[in-house]
Amino acid sequence: MYSYTRSESRERRRLFLRGAHQALGNNLDPAVTRRMHEIDAKAAERGARELAALQSKTDADRQAVADAKAQVKTSKWGADRAAARDALKAAEKQLRRSENVLHRAEQS
């Protein structure tokens, strides 16, 4: 997964256009490709860190759902159980959100 900053995206686009123009003239500057590779390496490293953070967040949300399920099973009937079920629904909703974000990040 690549995670470019706005300035990196602008610089990469500018370098790509410059490289395409130079390639048409058959005079490609190696500094252009070297800088693009540097930007790509930084973006890949940043993307890996973000993906690891998303995975740890998803794992924490899974644990929260397990805790909420245990709370539902061990609570008394009535208001306690209703509150525990509401907490379980909220935890499951958060888990679905974090799993969707993780899936989108893995696909990019």
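What covers the buried residues of helix H1 includes H2. The model is a predicted one. The buried residues in question are Glu8, Leu15, Gly19 and Gln22. Viewed down the H1 axis, these buried residues fall within an arc of 60°, so they line one face of the helix. The face of H1 turned away from the buried side carries exposed residues, among them Arg6, Arg10, Arg13 and His21. Phe16, Leu17 and Leu24 are also exposed on that face.

The length of H1 can be checked against its residue count. H1 covers residues 6-24, and at 1.5 Å a residue its 19 residues should span 27 Å. The end C-alpha atoms of H1 are 27 Å apart, which agrees with that expectation. H1 is followed by Asn26, which has a positive phi, near 60°.

Turning to the core, the largest nonpolar core has 7 residues: Val65, Ala68, Val72, Ala84, Leu88, Ala91 and Leu95. Two helices, H2 and H3, are the elements that give two or more residues to this core. Of these, H3 gives the most, with 4 residues. Leaving aside neighbours within four places in sequence, Ala91 is in contact with Ala64, Val65 and Ala68; Val65 and Ala68 are themselves listed in the core.

| Helix | Residue range |
|---|---|
| H1 | residues 6-24 |
| H2 | residues 30-74 |
| H3 | residues 79-107 |

Methods. Residues numbered from 1 in each chain as written. Predicted model: local features only at pLDDT ≥ 70, side-chain atom pairs only at ≥ 80, totals over all residues. Heavy atoms only, no water. Core = buried A, V, L, I, M, F, W, Y, C linked by side-chain atoms within 4.5 Å. Buried < 20%, exposed > 50% of the residue type's maximum accessible area, 1.4 Å probe, protein only. Contact = heavy atoms within 4.5 Å. Expected span 1.5 Å × (residues − 1). Arc of directions from axis to C-beta.
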